[in-house]
Structure formats: C-alpha cells, structure tokens
Amino acid sequence: MEHSLVLVKPDGVQRGLVGEVISRLERRGLRLVGAKFLQVSQALAEEHYAVHKGKSFYPGLIAYIISAPVMAMVWEGPNAIVAIRQTMGATRPWEAAPGTIRHDFALEVGRNITHASDSPENGEKEAALWFKPEEMVSWSRDIDKWIFE
Ligand code: DAT
Ligand code: MG
C-alpha cells in the first residue's frame, strides 16, 4: 500500500479548505493514517523542500510554507501517489484539469493549496519526516473490501 504526505498549505488553511481537501480524499476511497495541525519550523520547511534549494522560487516557497499553520496528513491506498496527485491537479493551477483541487480553488503556482508526495519512495520518506511512527495509525475499515480489490 502506498503512502503520501499531504499538506493543506497555509493558503488552503486560511481559506477554510481543510475539510474540502479531506473530503475529496475520503470520497476517493483513500485511508487517513495520520494527521496534525502545526506551524512549520524553518528547519522542517528546508528539509521538506531540500530538492528545490537553489531554485529562484525557493526563498518564497519557504517563506510561504512557514507563514501560517498547515494541516499535515498521511494517506494510504493502492496507487495512492498517482491518485492523490491527480485529485490535487497540476502544480500550475492554470494547467490543472477541471474538477481538481488546484483547478477549482487556485490561480497561482505559489498559492496552490496542497502538497502531495510525488513517488512511493518520497511518500515513505516524507511521512517519516513529518510523523513519528507512533503518530501513524494502522487500521482497516469495514468498507475496505468494497474499495480495495
Ligand atoms: P508539486 O507541489 O506539484 O509537487 P513541485 O514539487 O515541483 O510541485 O514544487 C513545489 C512547490 O513549489 C509547488 O507546489 C509550488 C512551488 N513552485 C514550483 N515551481 C514554481 C515556480 N516555477 N514558481 C513559483 N513557485 C513554484
Ligand atoms: Mg513536489
């Protein structure tokens, strides 16, 4: 089962979209395994976005992610990485498909509401960066057999 770190970033929290994001992932059939609401530290922000260090947008990206609280979650499911990024939509909201979160709620790449891990390896790595093992819950739902083949 793949895991994805999902963040509702400061703009999404400020705009009252935490429930909307959770609702869409729940309806997709994904299973929530961890959640916390936090103000991100400079150190965590830099580690999370280390791959973007040196890019022109990096300073703005760090400033944005630490500017106000975020909702951090780990979701799991078969094909969770691709499925969740599909639900989020393309990084640049003007390229996001209609019906996706970034299409429906965003206009600018630097205010694109959510983060979601981009590979199964990064899903595991980011989940471990943001959550202690004991903060993640291993559980099953009665309905799982109707969602997971
Ligand atoms: P994603 O969040 O879809 O995984 P990414 O990992 O390429 O996208 O970039 C991380 C975030 O950085 C992205 O959500 C918004 C910001 N970003 C990316 N490219 C940008 C650019 N060209 N200008 C401004 N911000 C950018
Ligand atoms: Mg990314």
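Tutor: Partly exposed means a relative accessible area between the buried limit, under 20%, and the exposed limit, over 50%. Keep that in mind for this predicted model.

Student: Then is Glu135 buried, exposed or partly exposed?

Tutor: Glu135 has a relative accessible area of 30%, so Glu135 is partly exposed. Lys36, at 23%, is partly exposed too.

Student: What do the side chains of Lys36 and Glu135 form?

Tutor: They meet in a salt bridge, 3.0 Å from N to O. Lys36 lies in strand β2 and Glu135 in the segment after α7, so the pair ties together parts 99 residues apart in sequence.

Student: How many salt bridges does the structure hold?

Tutor: Seven. One of them joins Arg31 and Glu76, at 2.7 Å from N to O. Arg31 sits in strand β2 and Glu76 in strand β3, so this pair links parts 45 residues apart in sequence.

Student: Are Arg31 and Glu76 buried or exposed?

Tutor: Both are buried.

Student: Which residue forms a salt bridge with Arg31 at 2.5 Å?

Tutor: Asp144. Asp144 lies in the segment after α7 and Arg31 in strand β2, so the pair ties together parts 113 residues apart in sequence. Asp144 is buried, like Arg31. A network of salt bridges links Arg31, Glu76, Arg141 and Asp144.

Student: What pattern does the chain follow along the sequence?

Tutor: Read it in order: β-α-α-β-α-α-β-α-α-β-α. That comes to seven helices and four strands.

Student: What radius of gyration does the chain have?

Tutor: The chain has 15 Å. A compact globule of 149 residues would have a value near 15 Å, which agrees. Buried residues make up 46% of the chain.

Note on methods:
Residues numbered from 1 in each chain as written. Chains lettered and ligands numbered in written order. Predicted model: local features only at pLDDT ≥ 70, side-chain atom pairs only at ≥ 80, totals over all residues. Heavy atoms only, no water. Helix = DSSP H or I, 4+ residues; strand = E, 2+ residues; numbered from the N terminus. Rg over C-alpha atoms; globule rule 2.2 N^0.38 Å. Buried < 20%, exposed > 50% of the residue type's maximum accessible area, 1.4 Å probe, protein only. Salt bridge = Lys/Arg side-chain N within 4 Å of Asp/Glu carboxyl O.
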